[in-house]
Amino acid sequence: MEIIPSNHWIIGSNGVYHGTPRNSWTRVGAQEYGISSLIREPNRLLAGASWGSGLWEWTENSDRWKQLHDETLTEVIAIASIGGNPGLIAGSPYGVATGSYDEIGAVRWTHHSDTLQVNERFTNAILVHPRDTSTWLIGTESGVIVTTNSGSTWKQTTITDTPVRALIYGQNLFWAGTDNKGIWCSEDGIHWLSVGHTVDGGAIFGLSEAGNSILAGTEHGVAIGDSSGKWNRMGPRYLCASVACHPRSSLSWLSGGAPGGLWYTQDGGEYWYQIEGFVNVHSILAPREA
Amino acid sequence: MSNIIQETYNGEVDTRVEKIIRSRVATNIGGLWDLNALLKFEENNTQIDAQIVQIVKKSLSDQTDGWGGRPAGGPFHVFPCGALIARWSDRLPEEAIMIIKNFMIDGVLERGNTENHWLMFYVGSLLAAQYWSGEDRMWNDLSPEAVKREATRWILGMIERTAVNGHHEYDSPQYHTEHLVPMIILLEHAVDSNLRKQVEQVLALYVADMALEYYYGAWAGAHCREGYRENTWKRSGSISGLQYLYFGDEPFNSIYHTHPFCIPAVTAKYRPPALFAEMALDRTRPYIVKKTKAPRTIYRRVKTEAKPVRKYTYMSPSFALGSSQTGLPGPGSGPIDLISWDLTWQGENQEAKISCNHPYRSPERFSAFLVGYPQQIGRQIGSDKPYLQWPDRLFGASPYERIMQHKGTIIVLYKIPPDDETPYINLFLPRNIAWVERSGWIMGDTGTGAYMALFPIGPYEWTEIREAGSARFLASNPNQIDGWLLRINDIYSGLILETQESEGHESFETFCTSRSALQPDVESWPEQNMVSVDTLEGSRMEMSYDSVHKVDGEPIAYDDYPLYGAPGVDAPLGTGKMKFCRGTHEINLDFCVDNSQPLLPIRVIG
């Protein structure tokens, strides 16, 4: 049995919430930190928090979130799973780090990008290669950088000189959203091709696979497109920090503004409904249903 | 220095303690910090106990929303809770202890995002973990031992970093209190003897920082953070309470010497070495203070790392002029509270300070050291603190400012890009002075022993700045800011300022004649990036905007600055060893730094 019902969406706002669009939403635990990033696993939920609040884990029968950060892991912006325990990569303005438990049950973190340039350290997004957990793509303030050895060495990719805030793997391609160069895709994560943008332009904050298309959370709302380069913006205009698609319905999307609130569409973006109670939503996880 | 001198000094501090506590208790006790005064002063009785419970209950009344809501708070709650439980557990009513326990064991706590936040958070957490060491877990589902170890690592790492590289959140009239007071409580209540030893040493550095630039109730010169529109005040921030406590120097004032944040220190046993008070109060001759401080945390939107901060303050009997090489790495970096220089003399509020700045307001400014989206953060921060975007702003760093100082003379130059949102600089001048303008120089007599001359570079206009209503009480002027604002409308603007003791001149008139007869050389500005001036003392200062600064032909070696440099102070950078001497009294500090080990990196705004 999963700790969060498998048909529930999970969002990171001021705290972590789960629910379905037409029903009420329940906060997980009492925390109200600004949640930047989420991971859902069958037996646990993980939440990264900004403004110094670190990294937290929720497990079955918990009555509170467990602290996973230490004194060196601070403003967590992105997290990714690499298996194991705690089995996480955490990204912050100070770079990427991995953790291990010490003898008294606290997680101690090792940073892997201290030697990089200032803007290369600042981590906005992390994507672990789907077939190799030691290869990580990192969206930084200075493009995408890659390690193939769990952070021992780093190399630049062909996306440079622009912040990258969104990375996903979908349709057998890597996808990256940039601040001022639109959307890119790549077969190997190193060599990237521009695949355009909406006519409105603006930064890309989130990406999600939706059937045969890709959803993009842009500075001006949600956009849909693909590698052909055509992107259509639709729905309400706001800074869309996160967007996700239901795994069983490519037309059901949840979109989070920062600010702008939480929005839902069931028809691929024709009609949108605002879900009350949220102002800033930085992270959305779709239901787990296959 | 004999024990007698220290005992005499301790007695003087005790007398001031009594005044502060009596005044605080007589006015109002409202929070967890000043509750220490009540606990120290009042006898145990039912009525006082009820008052204590009410204060604790009210102070910790915030809860997270909705079902399952739990007590919530941040560093400003966590530290005083830890301090109360460590110091007054045998005096606090049981109900108050249980409220604090509920907060520390079952609350939702925030660590904050600045160095002072983290120090308060970790000190409070450590003291609570010590006290409730038998509990299975603390608020964050970790054991008390794990909480204690994490806090100890951070505090020791922060101390070592400070001893080697200099304080990150340096010399802040607002936030120095939030560094010094937690350390005092830790010194008195930490169980770990090594931690106490290191804490006692870093406390000496904190008090030395206060003493070396103390000037008649003001903290002269440059500060990492002196915001909240208070940098035209004679006394800004909460530090006045600690300055009075440790240095005396002024008649007691119940308004600005009793700040609640100072009260845990006022009620503590800690007394700093008397030597520092003597250093603070010695104005018999001018001296130069040099300090190195750690690089500012700028974590994006810049191409290179920040460099160490180099401070230079000229402490003269009748004025103090201080400035800094901020070490900022260029456009994008502009810490919001930074004060890069000021001139201070004896006088009333808003009548004894001069400073100027470029009110840099690039959209990138906030996101260089805050994690919010650059696309939104200007609006986000501006909602909470709209004055950070005001065109008349007098504080905050600009990446386009460069400074050179030699004794009482300073050159400040700006090269602002043409497309900058604020293509000008703001110069604050007090309004109580009858200014004289002659040959491009604006000159004034402080009336307290110093003459000043300012040479604005660029066309300027006299306007008024008056922001009504004070965010806090003010001693002698109810307005937040009140004075002349000289707007220098030029992207290649600047200022030359020379201050001298009046006793070296026959009269103010002769000072004006002498100064106006010596014109600075601005012919090469901005094309050749060069400005030079001959001081009335006979030195020639040559400043190249982005290159060498020379005094009498010799380049200033900023990289050679020590951690601390002043008469009687020997504190080379990077060693963790310092010596402070006065007469026969010596204080030797050795933080036993192992240079083969990396320092704890600063991963918080400092």
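# Two chains, their folds and their contact

Trainee: Among contacts in chain A between residues at least 6 apart in sequence, what share joins residues at least 24 apart?

Mentor: This is a predicted model, in which local features need pLDDT of at least 70 and side-chain atom pairs count only at pLDDT 80 or more, while totals for chains, interfaces and linings use all residues. Residues are numbered from 1 along each chain as its sequence is written, chains are lettered from A and ligands numbered from 1 in the order in which they are written. A contact here means that two C-beta atoms, placed from the backbone, lie within 7 Å. For chain A, the share of such contacts that join residues at least 24 apart is 44%.

Trainee: And in chain B, what share of the contacts with a separation of 6 or more comes from residues 24 or more positions apart?

Mentor: Chain B contains 15 helices and 26 strands, where helices (H or I, at least four residues) and strands (E, at least two) are DSSP runs numbered from the N terminus. In chain B, the share from residues 24 or more positions apart is 71%.

Trainee: What radius of gyration does chain A have?

Mentor: Chain A is built with one helix and 28 strands. The globule rule, 2.2 Å times the number of residues to the power 0.38, is compared with a radius of gyration taken over C-alpha atoms. For 290 residues the rule gives 19 Å, so chain A is as compact as a globular protein of that length, with a radius of gyration of 18 Å.

Trainee: What is the radius of gyration of chain B?

Mentor: The C-alpha trace of chain B spans about 75 × 60 × 55 Å along its principal axes. A compact globule of 606 residues would have a radius of gyration near 25 Å, and chain B agrees with that at 24 Å.

Trainee: What percentage of the 290 residues of chain A counts as buried?

Mentor: A residue is buried if 20 or more other C-beta atoms lie within 10 Å of its own, exposed if 12 or fewer, and partly exposed in between, with C-beta atoms placed from the backbone. Chain A, whose C-alpha trace spans about 55 × 45 × 30 Å along its principal axes, has a buried percentage of 54%.

Trainee: Which strands of chain A stand at the edges, each with a single partner strand?

Mentor: The sheet in question is open, has four strands in the order β8-β9-β10-β11 of chain A, and is paired antiparallel; strands pair if DSSP finds at least two bridges between them. Neighbouring strands are turned by 30 degrees against each other on average, direction ignored. Two strands have a single partner each, so one side of each is left without a neighbour in the sheet: β8 and β11 (107-111) of chain A.

Trainee: Which residue of β10(A) is the bridge partner of S92(A)?

Mentor: β9(A) and β10(A), residues 95-101, pair in the antiparallel sense over four bridges. The bridge partner of S92(A) in β10(A) is G95(A).

Trainee: In which loop does P86(A) lie?

Mentor: P86(A) is joined to N85(A) by a cis peptide bond, with omega about 5 degrees. The loop that holds P86(A) is the one between β8 (78-81) and β9 (88-92) of chain A.

Trainee: Is N529(B) buried or partly exposed?

Mentor: N529(B) is not a glycine, yet has a positive phi of about 65 degrees. N529(B) sits in the loop between α15 (508-517) and β19 (530-534) of chain B. With 16 other C-beta atoms within 10 Å, N529(B) is partly exposed.

Trainee: Is D552(B) buried or exposed?

Mentor: D552(B) also has a positive phi without being a glycine, at about 50 degrees. The residue is found in the loop between β21 (549-551) and β22 (554-555) of chain B. With 10 C-beta neighbours inside 10 Å, D552(B) counts as exposed.

Trainee: How are α1(B) and α10(B) oriented to each other?

Mentor: The axes of α1 (residues 3-27) and α10 (residues 239-247) of chain B come within 8 Å and cross at roughly 140 degrees. Axes are lines fitted to C-alpha atoms, for helices over the stretch in contact, and angles run from 0 to 180 degrees between N-to-C directions. Angles under 35 degrees count as roughly parallel, over 145 as roughly antiparallel, 65 to 115 as roughly perpendicular and the rest as oblique. The two helices α1(B) and α10(B) are therefore oblique.

Trainee: Which element gives the largest share of the side of chain B that touches chain A?

Mentor: In total, 32 residues of chain B are in contact with 31 residues of chain A. The elements that give two or more residues to this side of chain B are α7 (144-165) and α14 (374-384). The largest share, five residues, comes from α7(B).
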